[in-house]
Amino acid sequence: MKSLIWIIVLFLIAVAAAIGVHSYSGNVYIAIEQTLIRLNLHLFVVGLLLGVCALYFLVKIVFGLIATPSKMSRFGSSRKSRKAMEALHAAGVAFFEGRYQKAEHEAAKVLGNKHAGDNRILALMIAAQAADKNGDHHLRNQYLDDIATHLPDKSQLPRHLLVAESALANQDYATANEHLQAAEKLDSHLTQLVRLQLNYALAQNDALSVLDKTDKLQKANAMTESEAMKHRNVAYETLVRQAQNSGSLKTAIKRIPDAQRANELCVAIAEQYEKLGLYGDAVAWVSSYYPHTQKSGLLQPFVRSVRYLSDAEQRRAIDLADGWLKHKPKDAALLLNLGEMAFNKQLWGKAQSYLEASIAVKPTVQARLALAKVFDEMNVETLAAEQRRLVLNEVAQ
């Protein structure tokens with residue numbers, strides 16, 4: 001539409017000029033000192049127009065020649081900027097393809113280009129990450145120093161994450177903690193940061209932090225249910241193992257969901273009760289959980305704890321464990337532990353029957369040695385020697 005308007009205007013001007021030429025005629029006189037030059041009006045107008053056009057093109061040529069160096073400079077800068085962008089693109093592609101050496105090489109091209117502009121920021125980050133993947137820590141540290149020196153504080157997050165990750169891999173936990181705290185001030189909800197904080201908490205046995213970071217990652221859909229369950233079990237077991245008294249242990253147990261309490265962590269809780277000298281609690285725990293979990297790992301803390309109870313309590317414990325046999329009469333581990341409890345109570349006949357039943361189901365070195373000790377107490381040296389001979393034969397095989 002704009003072009004059409006210009007064409008119409010020029011057409012009107014041409015028409016007006018044609019009418020003017022036919023309507024007005026005459027001469028133009030030019031006085032140069034004593035000389036008087038007469039020109040036809042039409043010829044003067046044509047000459048004047050041609051002169052103006054010639055002068056316009058002459059001025060344009062002169063200014064074009066003057067501006068040529070700056071145009072060449074701008075062209076060179078534009079070409080170098082394009083090269084920097086191409087190198088940055090190649091560095092990014094190479095990095096995600098796992099070709100870290102090429103990625104670092106291409107990123108170095110960008111950093112060596114004075115016309116890279118803001119592309120230098122991304123190039124520095126790619127170069128540092130690629131050097132770290134290549135194991136060239138000296139070169140990586142150079143890039144990290146450049147990031148620390150030339151980039152504003154708000155752009156330091158990738159540096160803190162990379163240094164923290166490397167420090168965790170090298171077990172330099174002081175450095176890792178320093179940079180994790182610095183990164184948290186910039187963006188506390190970043191998934192990569194939370195994952196590194198989780199790794200740090202695992203390394204430091206900080207159970208509460210492990211639970212907190214696991215919850216955050218799962219809420220952000222950055223962790224599967226199975227992976228979260230694994231980390232939570234580690235944290236719960238750490239809480240149990242770190243308990244120093246009955247109160248702290250019970251507090252730790254309250255944090256544990258019933259499913260884990262009766263499954264993966266059942267044995268650890270019984271062992272911690274025993275370790276803290278809470279033998280009655282250990283026996284009560286096993287008595288409560290063994291019948292429906294059938295975890296053989298519960299039996300040893302049970303046997304060791306029963307020894308510290310009163311005589312009446314020991315007999316009740318033996319009777320309780322004997323009742324478990326009704327549901328699993330061929331449980332070699334249960335029979336073995338019953339034999340050991342009977343031995344501790346000097347019930348030689350019961351101990352012998354339990355241990356012989358255990359060996360009949362599954363002959364083990366521990367059961368044979370326990371039976372040999374029973375025969376020693378019963379002064380049946382021949383049978384004791386026979387059990388030890390069988391142990392030596394089994395070990396030799």
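## Largest pocket

The largest pocket of this predicted model has a volume of about 180 Å³. On a 1 Å grid over the protein atoms alone, a pocket is an open set of points with protein on both sides within 12 Å along at least five of seven lines, where a 1.4 Å probe fits. Grid points are joined across faces, edges and corners, and the volume is the space filled by probe spheres set on them.

Gln 300, Val 303, Arg 304, Arg 307, Glu 340, Phe 343, Asn 344, Ala 370 and Lys 373 form the lining, a lining residue being one with an atom within 4 Å of a point. Two or more lining residues come from each of helix H15 (299–306), helix H17 (332–344) and helix H19 (365–377); helices are DSSP runs (H or I, at least four residues) numbered from the N terminus. By class, the lining has 3 nonpolar, 2 polar and 4 charged residues, with Ala, Val, Leu, Ile, Met, Phe, Trp, Tyr, Cys and Pro counted as nonpolar, Asp, Glu, Lys and Arg as charged, and the others, Gly among them, as polar.

Arg 304 belongs to helix H15 and is partly exposed at 31% relative accessibility. The classes are buried (under 20% relative accessible area), exposed (over 50%) and partly exposed in between, with a 1.4 Å probe and protein chains only. Between Arg 304 and Asn 344, 40 residues apart along the chain, the C-alpha separation is 9.7 Å.

## Basis of the values

Residues are numbered from 1 along each chain as its sequence is written. In this predicted model local features need pLDDT of at least 70 and side-chain atom pairs count only at pLDDT 80 or more, while totals for chains, interfaces and linings use all residues, and side-chain values use heavy atoms, with hydrogens and water left out.

## Aromatic pairs

The structure contains 7 aromatic pairs, defined for rings of Phe, Tyr and Trp (its six-membered ring) whose centres lie within 6.5 Å; planes under 30 degrees apart count as stacked, over 60 as edge-to-face and the rest as tilted. Tyr 173 and Tyr 200 form an edge-to-face pair, with 6.4 Å centre to centre and 65° between the planes. Tyr 173 lies in helix H7 (residues 173–186) and Tyr 200 in helix H8 (residues 191–203), so this pair ties together parts 27 residues apart in sequence. Tyr 173 is partly exposed, at 25% relative accessible area, whereas Tyr 200 is buried at 19%.

Ring pairs also link Tyr 273, Trp 285 and Tyr 289 into a cluster.

## Helix H13

Helix H13 (residues 266–275) is mostly covered, with 8 of its 10 residues buried. These are Cys 266, Val 267, Ala 268, Ile 269, Ala 270, Gln 272, Tyr 273 and Glu 274. Their covering includes helix H10 (225–242), helix H11 (246–255), helix H12 (258–261), helix H14 (279–293) and H15, where contact means heavy atoms within 4.5 Å. After H13 comes Gly 277, with a positive phi near 80°.

## Cysteines

The model has 0 disulfides, a disulfide being a pair of cysteine sulfur atoms within 2.5 Å. Cys 266 is buried at 0% relative accessibility, while Cys 53 is partly exposed at 42%.

## Surroundings of Ile 359

Ile 359, in helix H18 (residues 348–361), is buried at 12% relative accessibility. Apart from neighbours within four places in sequence, Ile 359 contacts Ala 367, Arg 368, Leu 371 and Gln 387. Leu 336 is 23 residues from Ile 359 in sequence and 8.3 Å away in space, C-alpha to C-alpha.
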